[in-house]
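Have the sequence and the coordinates open while reading.

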Amino acid sequence: MENYAQEIREFLKGQSGTAYRAFGAHPVEMYGKQGIHFSIYAPYAASIHLVGTFNDWNGWEMQRDDNGVWSIFCDNIPFGSLYKYRVTTADGAVHDRADPFAFYSELRPGSASVVWNMETYHWDDEDWMAKRSKNYTQPVNIYEVHAGSWRRIQEGREDAPTVEEQEFGRMLTYSELADTLIPYVQEAGYTHIELMPLTEHPFDGSWGYQATGYFSATSRYGSPDELRSFIDRCHQAGIGVILDVVPLHFVTDFFGLHQLDGGFVYESANEADRYTEWGTVLFDYTKPHTLSFMRSSLDFWLRVYHIDGLRYDAVSQLIYRNSRHAFDNLNDPGIWFLKNVNFYLHAEFPQVMLMAEDSSNYLKVTAPVQYGGLGFDYKWDLGWMNDTLEYMKLHPEDRRHSRHLIQFSMAYFYNDIFVLPLSHDEVVHGKATIVDKMWGNYEQKFSQVRLLYLYMYAHPGKKLNFMGNELAEFREWDEKKELGWNLLTYPVHDAFNRFLRELNHLALTERALYDTEYDPRAFRWLETPGCEDTVFAIARRAQNGETIACVMNFGLRPVQATLPAFYGTWKELINTDDSQFSGTGQIHDKTVNGLIRVAPLSGRLFKKE
């Protein structure tokens, strides 16, 4: 194994980004034989034996070096074999452990690692990889997906591996997702698919956020090669792939990283610093090898799987300890981890997007590390999301006194580089779905959800929507069930779906909606003299001078006003109250000059001719 000793040294010093080249199970030639070399870092273990299907789970003794790395070379082990490390701790306890660097894992509820050859896949995405970028001046419209519940297959349910799949249908494979999800995303007008965590995890209900395998793509949907084929096909179709990653914590399941060798290898020895509010275990980034472990994991997904972007979960927990956002409670090891890893990834993968899910007000999240920032390219604008949804829940008469909920986001928007998210977190745990959050009766909710999305797309910032939002689901997301596709047989849901598709395509084609998003000179609030305080108007300008404007009426009375900014000829691009979208259709002027009419609870988008 080339550079094996150097990788080990760099891993221990916290300087490795490719430790997966040394650890785990690798096909190699040694002693004139072809075989598999296994390595694990377990400095506190008294002994370790390799067990698996190839030796009837009877141990073969591994050898320890001076660094606490245990290894063994074995010939005649076929790919696809299951294996674990049988660890005897210093106090004599014996536990079978999954490989922390496994590239593939046994299907849950099994927990063994799988010997897999990661060197055989051939990529056909050279053109995509050569031209991809961070997309600051390009449209980014993200479709967030939970792979196990986007759709389900009803045939053969009796053979599904879980009770839930037998009842609700089995999950799609990576190959089936490629056949169905890719054309759907293309037609719907999305540029990227964001996949909720695919790192191996024992419990379906964790959605992947409580992981055990940081180098192992979950076997729920197929093999590593099938996942790479899915990503390859996305790229060939012009679709980027963003992966949700979880660098904060891991599960306590005792076949995983927790007390791996009887000591605390990847977590803190101090119990007060070890656990999260969710009952999971915190990575201890004061340990250099822990930093190497996670940096190598992120490198692995980008290098080996050609992922185009990473969305870091729970960044505020890495910035602050125990969810208390205060300057005297900074998590210095977590901040160092973010700066160190992001600086490394930018150098290695300059075209990849790094995104932070951060609910704090920490400064310079998206500033480069060399300028004192955390080094992310984008940050989720959770303030915009919370303020906007709070506003939409209000009775329209009460909205007159809450204009700040709409306008405040632009007061801080240029402090960071933002993505506007309506994610999975907003449609679970009794929070109600996006359409159901709207004030009013059934018809009014649909009028307002169309208006909400017009405002979202007219507002600067890249866009992210969770699957099912486009169907106007009233049932909260349930990871055990597929989306409510039957809703599209109902005219009002089908009309909303068509509305959002048209809005998506405008976001991809109207330059004023994307190529100057982060230039404060390209945005302004427009005056609306004589209008009620529930009326807002904004203008956006593209680099080539093209201008769009949006007028939104969040009140219950129609607007008819002469707006100074609208002198000249303006062509309507979309009207949320259009009858084709199940609106009233009471306004038909497709071009305007000064006089603007907007129906109650609706909005219109125009382009200057």
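Strand 1 (residues 24–30) pairs with strand 2 in the antiparallel sense, over seven bridges. The model is a predicted one. Within this pairing, glutamate 29 stands opposite glutamine 34 in strand 2.

Two residues lie between the strands of this hairpin. Tyrosine 31 takes a positive phi there, near 55°.

## The buried face of helix 1

Helix 1 spans residues 4–13. Its buried residues are Tyr4, Glu7, Ile8 and Phe11. Viewed down the helix axis, these buried residues fall within an arc of 100°, so they line one face of helix 1. The general rule behind such a pattern is that an α-helix has 3.6 residues a turn, so residues three or four places apart point the same way.

What covers the buried residues of helix 1? The cover includes strand 2 (33–41), strand 6 (69–75) and helix 6 (288–305). Glycine 14 follows helix 1, and its phi is positive, near 80°.

## Helix 1 against helix 6

Helix 1 and helix 6 pack at an angle of about 115°, their axes 5 Å apart. The two helices are therefore roughly perpendicular to each other. On the helix 1 side, the contact involves Glu10, Phe11, Leu12 and Lys13. They meet Pro288, His289, Ser292 and Phe293 in helix 6. By class, this contact has four nonpolar, two polar and two charged residues.

## Helix 5 against helix 6

Helix 6 also packs with helix 5 (residues 224–236), at an angle of about 70° and with axes 10 Å apart. Helix 5 and helix 6 are therefore roughly perpendicular to each other. Helix 5 contributes Pro224, Leu227, Arg228 and Ile231. Helix 6 contributes Trp301, Val304 and Tyr305. The residues of this contact divide into six nonpolar, no polar and one charged.

## A loop residue: threonine 218

Threonine 218 sits in the loop between strand 15 (213–217) and helix 5. Is threonine 218 buried or exposed? Buried means under 20% relative accessible area. Threonine 218 has 0% relative accessibility, so this residue counts as buried.

Which residues does threonine 218 touch, not counting those up to four places away in sequence? They are Tyr174, Leu198, Glu200 and His201. Glycine 208 is 10 residues from threonine 218 in sequence, and their C-alpha atoms are 8.9 Å apart in space.

Notes:
Residues numbered from 1 in each chain as written. Predicted model: local features only at pLDDT ≥ 70, side-chain atom pairs only at ≥ 80, totals over all residues. Heavy atoms only, no water. Buried < 20%, exposed > 50% of the residue type's maximum accessible area, 1.4 Å probe, protein only. Helix = DSSP H or I, 4+ residues; strand = E, 2+ residues; numbered from the N terminus. Arc of directions from axis to C-beta. Contact = heavy atoms within 4.5 Å. Axes fitted to C-alpha atoms, helices over the stretch in contact; angles between N-to-C directions. Parallel < 35°, antiparallel > 145°, perpendicular 65-115°, else oblique. Nonpolar A, V, L, I, M, F, W, Y, C, P; charged D, E, K, R; others polar. Pairing = 2+ DSSP bridges.
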